Amino acid sequence: MVEDAQPCNLYREVLILQHHTDIVRALIKVDDHRCVSAGDDCTAALWDIEDGRKLNVFSGHKLPINCILLLKPEPGSYDDILLITGASDKHIKVWNIETGQCLEDITEHNSSVKCLASLPAFDIFISGGEKLCAWSRKGKQLHQVENPGKADIQFLLPIKENRFVAACEESLYVYTVEYCGDSCEIKFFKHLFRQHREAIGSLINVPDGSFASGSLDGLIVLWSSHTLSAIRQFNQIKEEKEFRGIDNHYPFSIQHMISPEKGCIFAAVGNSIYVFDITKDQGRIIAKKQDAHMSKIKHMDFLYHGLYLATCSEDGAIKLWGRAPAEKNDKDYFMNPLETFTGLSSDKIRKLKKSETVEPCLLGECLGHSGAVQLFVDFGEEGFVSCGGDGLLILWKDGVLQNLKRSQFIGEMTGATQSSYTCSTLTGLSRPIFTGDDDQATLRTEESPSD
């Protein structure tokens, strides 16, 4: 139970961002101060997350937008950031994100666009659905290949050596891209030996040069990006009746995974949180929280420079997890998300026995959506943005920090002098600090083992 005051929860202020009239399924960070949302109302919107202003609207699709992608210019280039939107109307549109102008309306995909991925090395992007297509930055079709699977491709993941993985139901296919000048060719490379028994729900890169796939049957497979062979399996449920559950509810399905550092994977397993040590053959469970939500978790990630692990769910809640300050050892200095999440140093984590599992504490709840929360994007000290089935975007802000900013602004307007402002957040994790003179103030984050 979390007390009404929620002393560990920094997010005390909210801004409701209204534009969409249907489910918002896609959300992507543009830079430190902007994000783009898109959804079933066939539109996308650009937002300033400092004050919640709507900067641009991208309209033109006739059916729901399924996926969005940003193409950023190379360092030193004067090219604009491009927004790519793929929709069920079989169109791919290329937008100038600053002006909102549609630069290209691509119709050659010829099927519902389910996923997009960029290949920065070649400055091209890939679209997936019934077919695979390669496109130039300006929207020119470079190559097209047939999808060997019976169903549409749902995920695309770029990996090493100019290759990418396509997930189609329970199967994984690897392709290689050959690019020279204006010529590009996608070549089928390998069909990965079937491991999953049900559709793949999450596909991610892992920092140690591997990638992982998770499916409805609860199985997580770790693959080598070099040899393209399965390295390990985790969370295997042998009985079909068990992983299918009552009325094919799939209670152990993998909806989302993240790998914030080498050696571990955080997975949303049904409505529970699992953290796997992927250096071990059997995938030792470092931490877990059973029944973290009332319904399945749709997305998870770290917020505020690793201060919290946040999860959002079909139950409409966003929950913040970690270790309460009172449960931390002041002598430990936490350097990475796993240490912050468990409240243990890396040495202590390595020394955990196989039977020892850390259970995270509920540090706060962010309740504002009236439907399933699809996902969220972190902006550090500026807060985070969530989107959901209610058509809303909610901007969650650090209430104390916002008060300090307003005090600083009022002080500057009235000529008051104040040399510094200090705000302590969670003891032993981090503290945002304003420093400055009468004319300006800057924000930095100071890491500290304790107050």
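**Figure 1. The salt bridge between D48 and R53 in the predicted model.** At 9% relative accessibility, D48 is buried (under 20% relative accessible area, with exposed meaning over 50% and partly exposed in between, for a 1.4 Å probe and protein chains only). The closest N and O atoms of R53 and D48 are 2.9 Å apart; a salt bridge is a side-chain nitrogen of Lys or Arg within 4 Å of a carboxyl oxygen of Asp or Glu. Strand β4 (residues 43–48) and strand β5 (residues 53–59) run antiparallel and are joined by six bridges. Strands here are DSSP runs of E with at least two residues, helices are runs of H or I with at least four residues, and both are numbered from the N terminus; two strands pair if DSSP finds at least two bridges between them. A44 stands opposite F58 in β5. Four residues lie between the strands of this hairpin, where G52 takes a positive phi near 80°. Residue numbers start from 1 along each chain as its sequence is written. Because the model is predicted, local features need pLDDT of at least 70 and side-chain atom pairs count only at pLDDT 80 or more, whereas totals for chains, interfaces and linings use all residues; side-chain values use heavy atoms, with hydrogens and water left out.

**Figure 2. Salt bridges E198–R244 and K397–E382.** The closest N and O atoms of E198 and R244 are 2.8 Å apart. This pair links distant parts of the chain, with E198 in the loop between β17 and β18 (200–206) and R244 in helix α1 (residues 240–244), 46 residues apart. E198 is buried, with a relative accessible area of 12%, while R244 counts as partly exposed at 23% relative accessibility. In the pair of K397 and E382, the closest N and O atoms are likewise 2.8 Å apart. K397 belongs to strand β32 (residues 393–398) and E382 to the loop between β30 (373–378) and β31 (384–388), so that distant parts of the chain, 15 residues apart, are linked. Both K397 and E382 are buried. The structure holds 22 salt bridges, and D31, R34 and E98 are linked in a network of them.

**Figure 3. The open four-stranded sheet β14-β15-β16-β17.** The strands follow this order with antiparallel pairing. Since β14 (155–159) and β17 (183–191) each have a single partner strand, they stand at the edges, and one side of each is left without a neighbour in the sheet. Neighbouring strands are turned by 25° against each other on average, direction ignored; axes are lines fitted to C-alpha atoms, and angles run from 0 to 180 degrees between N-to-C directions. Strands β15 (residues 163–168) and β16 (residues 171–180) run antiparallel and are joined by six bridges. A167 has L172 in β16 as its bridge partner. S171, also in β16, is buried at 12% relative accessibility. Beyond residues up to four places away in sequence, S171 touches A166, H191 and I200, where contact means heavy atoms within 4.5 Å.

Figure 4. Leaving aside neighbours within four places in sequence, V145 is in contact with K131, L132, Y175 and I186. The C-alpha atoms of V145 and F188 are separated by 8.6 Å, although these residues are 43 residues apart along the chain.

**Figure 5. The open four-stranded sheet β22-β23-β24-β25.** Pairing in this sheet is antiparallel. The edges are formed by β22 (254–258) and β25 (284–289); each has a single partner strand, so one side of each lacks a neighbour in the sheet. On average, neighbouring strands are turned by 20° against each other, direction ignored. Four bridges pair β22 with strand β23 (residues 264–269), and I254 has V269 as its bridge partner in β23.

**Figure 6. The hairpin of β26 and β27.** Strand β26 (residues 297–303) is largely enclosed by the rest of the structure, because five of its seven residues are buried. β26 pairs with strand β27 (residues 308–313) in the antiparallel sense over six bridges, and H299 stands opposite C312 in β27. Four residues lie between the strands, and Y304 takes a positive phi near 55°.
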